[in-house]
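Let's walk through this structure together, moving from one local pairing out to the whole chain and back to single residues. Keep the model open beside you as you read.

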Amino acid sequence: PTAGFLDSIRAGVLAVPGVGKVKVHENDSGTQADVKTGDQALAPHSVAVIVTGGSASAIGAAIYARKTPGVATVGSTEVAVNDTLGIPHVMRYTEATEVPYYVKVKYRERPGSGFGAGGGEAAVTAALVAWSEEHQQPSEDVYRFFHDAVAQNAVEGLDGLPAIVVEDVQLGFAAETVASTDLALTWNQIGTLAAEAVAFEVVT
């Protein structure tokens, strides 16, 4: 498979009504290979499509319309798609499993920055949730770096600079287990962040 082939599958599945996000993995080698290190082996010359939302039949049809001959599809959902002769072909893909995660932001407010007037912690929470909804993708780990940058720049101070200084961002799969570390997800998972999963600690 080529990059254009993979982009075509992704674009086609993304165009299906109700689909939110799509990740396409490939194994273009002649031997079995992992999607992620030590996680979900892919057969030779195959693709794995991970999707959020959408109709199974429409997703299967979109994959079939763009899959090149000789390339197998891998996944837990199977859809039979008929060709122009009425012969069924089984397309496979995987519905991403949502994995909620938690964020704790430790920060200090710059004196006279007007943090509260700019929306305060509620504005930071909204920015983090919006970033996660837009950018967190299937198969991808959850990284502190991005959440740190979003929190740092969520509220502009009265002087045009960030209103707070973020000292640390902690992540976890439960509120009581957050730590200063990234979160590893498997090939078929996607991290999701809710507003009530964001907490704060003011550092003095």
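Val81 has His89 as its bridge partner in S7. That bridge belongs to a set of 6 that join strand S6 (residues 77–82) to strand S7 (residues 88–95), and the two strands run antiparallel. Two strands are taken as paired if DSSP finds at least two bridges between them.

Before going on, a word about the source. This is a predicted model, in which local features need pLDDT of at least 70 and side-chain atom pairs count only at pLDDT 80 or more, while totals for chains, interfaces and linings use all residues. Residues are numbered from 1 along each chain as its sequence is written, and side-chain values use heavy atoms, with hydrogens and water left out.

Now step back to the whole chain. The protein chain holds 4 helices and 12 strands. Its radius of gyration is 21 Å, well over the 17 Å that the globule rule gives for 204 residues, so the chain is more spread out than a compact globule. (The radius is taken over C-alpha atoms, and the rule is 2.2 Å times the number of residues to the power 0.38.) Along the principal axes, the C-alpha atoms fill a box of roughly 70 × 35 × 25 Å. Of the 204 residues, 40% are buried; buried means under 20% relative accessible area, exposed means over 50%, and partly exposed lies in between, with a 1.4 Å probe and protein chains only. Among contacts between residues at least 6 apart in sequence, 66% join residues at least 24 apart, where contact means heavy atoms within 4.5 Å.

**An open sheet and its helices**

Next, find the open sheet of 3 strands, in the order S10-S9-S12 and with mixed pairing. Strand S10 (164–172) and strand S12 (198–202) stand at the edges with a single partner strand each, so one side of each has no neighbour in the sheet. From one strand to the next, the twist averages 20°; axes here are lines fitted to C-alpha atoms, for helices over the stretch in contact, and angles run from 0 to 180 degrees between N-to-C directions.

Strand S9 (residues 102–109) pairs with S10 in the antiparallel sense over 8 bridges. One place to look is Lys104, whose bridge partner in S10 is Gln170. Helix H3 (residues 120–135) packs on this sheet and touches S9, S10 and S12, its direction making about 140° with that of S12. Helix H4 (residues 144–152) packs on the sheet too, touching S9 and S10, at about 145° to the direction of S10. S10 is mostly covered, with 7 of its 9 residues buried.

Glu109 also lies in strand S9. It is partly exposed, with a relative accessible area of 41%. Beyond four places in sequence, Glu109 touches Gly114, Phe115, Gly116, Ala163 and Ile164.

In the loop between H3 and H4 you will find Ser139. Its phi is near 80°, a positive value in a residue other than glycine. At 4% relative accessibility, Ser139 counts as buried.

Most residues other than glycine have a negative phi.

His45 is among the contacts of Asn27, a residue of strand S1 (residues 22–27). Asn27 counts as buried at 4% relative accessibility. A polar atom of the Asn27 side chain lies 3.1 Å from the backbone oxygen of Leu42.

Finally, turn to Val51 in strand S4 (residues 46–51). Val51 is buried, with a relative accessible area of 0%. Leaving aside neighbours within four places in sequence, its contacts include Val13, Val19, Ile59 and Tyr93.

Key
Polar contact = N/O pair within 3.5 Å; in protein donor to acceptor, adjacent residues only side chain to side chain.
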